[in-house]
Amino acid sequence: MTTPPKGAPAWRGLPAKVLGTQAERLAEPQPSRTGRIVAYVFLFLLGLVVSLCGCFVQALWQPFGMLLAVAACLALFYGGLRLTGTKLGAGVPLGGWFLMLMVLMSPRPKGDFILSAGFTSYAYLFLGAVGGVICATLPTRGGFGFGAPGPKR
């Protein structure tokens, strides 16, 4: 059995094993500016796709579809945060997700909706939005400027 490094906790829970500790996350290298810009565009488009798919999945397999759709949203928002190292990395896919929801909630010419009024639809909207805001407020490697790299650590 190996011993943990000096100063590290003896036992790490499952979230710390999967996501890493805060110190490990903050020590990751910052991506280049060009890499972040490409990632923001990709994350925005991915936010549109996840929102569209989530609307259909949450209605198809109730209530587990809603849980699957919310889990996909949270994975996208947190993944964007970790990929770019900035709060904008979670905010950009949240913006794409929300923009697609606004389009899908508008009535169609024949009067039907893609995202109808119901418990799972409202839960998907609420939990996705709250999860996105939570991911956007987690500590990052970047400074306080949106998309700007922070000081060298």
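1. The structure, a predicted model, holds zero disulfides. A disulfide is a covalent bond between the sulfur atoms of two cysteines. For Cys53, the closest cysteine sulfur belongs to Cys55 and lies 9.3 Å away, which is too far for a bond. Since the cut-off for a pair of sulfur atoms is 2.5 Å, Cys73 is likewise in no disulfide, its nearest cysteine sulfur being that of Cys55, at 8.7 Å.

2. Surroundings of the two cysteines. Cys53 and Cys73 may also be described by accessibility. Cys53 has a relative accessibility of 42% and therefore counts as partly exposed. Cys73, at 0% relative accessibility, counts as buried. Cys73 is also among the residues of helix α4 that meet helix α6, a contact treated in point 4.

3. Overall organisation. The secondary structure of the protein chain comprises six helices and zero strands, so that the pattern read along the sequence is α-α-α-α-α-α. Of the 153 residues in the protein chain, 34% are buried. When contacts between residues at least 6 apart in sequence are considered, 73% of them join residues at least 24 apart.

4. Helices α4 and α6. Helix α4 spans residues 64-84 and helix α6 spans residues 119-136; their axes come within 9 Å and cross at roughly 15 degrees. The two helices are therefore roughly parallel to each other, because the angle falls under 35 degrees. The crossing in which α4 passes α6 is right-handed. On the α4 side, the contact is made by Met66, Ala69, Val70, Cys73, Leu74, Phe77, Tyr78 and Leu81. Their counterparts in α6 are Thr120, Ala123, Tyr124, Leu127, Gly128, Gly131, Gly132 and Cys135. By class, the residues of this contact divide into 12 nonpolar, four polar and no charged.

5. Gly132. Apart from its neighbours within four places in sequence, Gly132 is in contact with Leu74, Phe77 and Leu94. Leu74 and Phe77 are both listed among the α4 residues that meet α6. The C-alpha atom of Gly132 is separated by 8.6 Å from that of Pro93, although the two residues are 39 apart along the chain.

6. Helices α3 and α6. Helix α3 (residues 33-60) also packs against α6, with axes that come within 10 Å and cross at roughly 150 degrees. These helices are therefore roughly antiparallel to each other, as the angle is over 145 degrees. The crossing of α3 and α6 is right-handed. From α3, the residues Val50, Ser51, Gly54, Cys55 and Gln58 meet Thr120, Ser121 and Tyr124 of α6. The residues of this contact comprise three nonpolar, five polar and no charged. Thr120 and Tyr124 of α6 are listed in the contact with α3 and also in the contact with α4. Cys55, whose sulfur is the closest cysteine sulfur to that of Cys53, belongs to the α3 side of this contact.

7. Ser106 is placed in the loop between α5 (88-105) and α6. With a relative accessible area of 28%, Ser106 is partly exposed. Ser106 and Ser116 are 10 residues apart along the chain, and their C-alpha atoms are separated by 9.7 Å.

Notes:
Residues numbered from 1 in each chain as written. Predicted model: local features only at pLDDT ≥ 70, side-chain atom pairs only at ≥ 80, totals over all residues. Heavy atoms only, no water. Axes fitted to C-alpha atoms, helices over the stretch in contact; angles between N-to-C directions. Helix = DSSP H or I, 4+ residues; strand = E, 2+ residues; numbered from the N terminus. Parallel < 35°, antiparallel > 145°, perpendicular 65-115°, else oblique. Left-handed = near helix turned anticlockwise from the far one by under 90°. Contact = heavy atoms within 4.5 Å. Nonpolar A, V, L, I, M, F, W, Y, C, P; charged D, E, K, R; others polar. Buried < 20%, exposed > 50% of the residue type's maximum accessible area, 1.4 Å probe, protein only.
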